[in-house]
Amino acid sequence: MEDIHLHLKNLGFTDLEAKCLHVLAECGTQTGYEIAKQLGVSRSNVYSALQKLAEKGAVLTSHGEPTHYQSVPIEEIGERVEAELLASIRYVKEHMPKQGAHRSEYFSLEGDAKVLDRIRAELRKAKEEVLCDLWTHEAQLLKEELLQVPAQGVRLLVSTIGDAVPLSGVHQFLHKRDAGRSERKGRKFTLLIDRKLAIIGTRGGDEPTLAMLTEHPAMVDVLLNSFWREVVIHELQQDMGGKLEDKYGKNFKKIIQKYTEGKEKDSQPGIVGTSPEGKSTESKALEGRTQESKSSESKFPEDKSSEGKTHEGLADEGESAESKSNESKSNESKIDGSKSNEGKSDGSKSNASKSDESKSNEEKPKEGKVGEGKRKKKK
């Protein structure tokens, strides 16, 4: 019953008028008092609502006391409402000011019904081209409108993710992506209409349905370039799928990891010769040399290599030569010591000779004095 009331309200009836019409359609002819009793509202409000229904031609009234009311058949009500609505729509189209403003701002929509209704409306207004990137869930919901686009003489290209939804007469590109992650964060969808209007949104997951639409040239170019990249990847996978997967991994995972999940970046990114793992070819060569030296050592775990022995022999010779030189130096020092000792003895000898000379010199004047005494006695 609530759904009937809702749709009657959409036709232009108030809530109480819709309830009165429903009671009359269900119970037949009724007085105002009986209708108020069934609805549990005041009689004055019911009489006011019945009077409005009579003015709209939806209710017939009888003469006399008390007044009885009867509902007009719903088919007749529908025809009258439809004629009035069409007349109002034609009048508004003819006299409403035309808006030629460019929608360069970013407008947002929230709610599943609002988003899907807006997309359907924009698809119906397409004139030249529609480019879509949709998951199969959204492609299924918009299937009728998508099939209608080529019938309007409009070019339609659809990139679908997930299980294919057959769209006859539509050029489709199938892609595989991480469905589990998309379900958690929401399925992303984009539409580019006439290379003028961009629609971007998410649906599903833990968040409510959201969408943004704009005619800003920057966003239009982003969607256009993104769609053409999808087309190129699709063609490459169709022609060289096995080779591409062997070289770059599934869904080009190796390329993506190289730039998003790699190790510490080089201090100078973009240097020629950098390997996919982020290491330069020079560092790889050094690592290779180190590994070679390690392998050569591993070949002789117990006995040392001949080269090692040669080095050891040279080291031993150097040590012996050094020890010999040290010995010769010590011997020379001993000889020098002995010489110095001899020098000391010579010095002592010279000192002794000097003392002897002094003694002789002392003896000479004594002798002279004795001779002089003897000559005096002779005289």
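## Close-up views

**View A. Pro66 sits in the loop between strand 2 (59–61) and strand 3 (68–71).** This is a predicted model, where local features need pLDDT of at least 70 and side-chain atom pairs count only at pLDDT 80 or more, while totals for chains, interfaces and linings use all residues. Residues are numbered from 1 along each chain as its sequence is written, and side-chain values use heavy atoms, with hydrogens and water left out. Strands (E, at least two residues) and helices (H or I, at least four) are DSSP runs, numbered from the N terminus. The thing to look for here is the peptide bond from Glu65 to Pro66, which is cis, with omega near -10°. Most peptide bonds are trans, for comparison.

**View B. Here is the whole chain, to get your bearings.** You'll find 13 helices and ten strands. Of the 379 residues, 23% count as buried; that label means under 20% relative accessible area, with exposed meaning over 50% and partly exposed in between (1.4 Å probe, protein chains only). A contact means heavy atoms within 4.5 Å. Take the contacts with a separation of 6 or more: residues 24 or more positions apart account for 53% of them.

**View C. Helix 2 (residues 15–27) and helix 3 (residues 32–39) meet here.** Two packed helices are described by the angle between their axes and the distance between the axes. For this pair, the axes come within 11 Å and cross at roughly 105°. The axes are lines fitted to C-alpha atoms, for helices over the stretch in contact, and angles run from 0 to 180 degrees between N-to-C directions. Angles of 65 to 115 degrees count as roughly perpendicular, under 35 as roughly parallel, over 145 as roughly antiparallel, and the rest as oblique. Helix 2 and helix 3 are therefore roughly perpendicular to each other. Zoom in on the side chains and you'll see Leu16, Lys19, Cys20, Val23, Leu24 and Cys27 of helix 2 meeting Ile35, Gln38 and Leu39 of helix 3. By class, the residues of this contact between helix 2 and helix 3 split into seven nonpolar, one polar and one charged. Nonpolar covers Ala, Val, Leu, Ile, Met, Phe, Trp, Tyr, Cys and Pro, charged covers Asp, Glu, Lys and Arg, and the others, Gly among them, are polar.

**View D. This one looks in on the largest cavity, with a volume of about 30 Å³.** A cavity is a set of points, on a 1 Å grid over the protein atoms alone, where a 1.4 Å probe fits but cannot get out; lining residues have an atom within 4 Å of a point. Grid points are joined across faces, edges and corners, and the volume is the space filled by probe spheres set on the points. By this rule, the count is one cavity of 30 Å³ or more. Its lining is made of Val115, Leu116, Ile119, Glu138, Leu142 and Phe189. Helix 6 gives the largest share of that lining, three residues. Sorted by class, the lining has five nonpolar, no polar and one charged residues.

**View E. Glu122 has its place in helix 6 (residues 112–124).** Is Glu122 buried or exposed? Glu122 is buried, with a relative accessible area of 3%. Leaving out residues up to four places away in sequence, Glu122 touches Arg103, Ile193, Leu197 and Ile199. Leu191 is 69 residues from Glu122 in sequence, and their C-alpha atoms are 9.7 Å apart in space.

View F. Leu131 counts as buried at 4% relative accessibility, whereas Thr190, at 21%, counts as partly exposed. Neighbours within four places in sequence aside, Leu131 is in contact with Thr190 and also with Leu157, Leu191, Leu192, Leu224, Phe227 and Trp228. Arg155 is 24 residues away from Leu131 in sequence, with 8.4 Å from C-alpha to C-alpha.

**View G. Asp194 lies in the loop between strand 8 and strand 9 (197–203).** Arg195 lies in the loop between strand 8 and strand 9 too. Most residues other than glycine have a negative phi. Phi of Asp194, though, is positive, near 55°, and Arg195 has a positive phi near 50°. Asp194 is partly exposed, with a relative accessible area of 22%, and Arg195 counts as partly exposed at 41%.

How values were computed
On a 1 Å grid over the protein atoms alone, a cavity is a set of points where a 1.4 Å probe fits but cannot get out, and a pocket is an open set with protein on both sides within 12 Å along at least five of seven lines; lining residues have an atom within 4 Å of a point.
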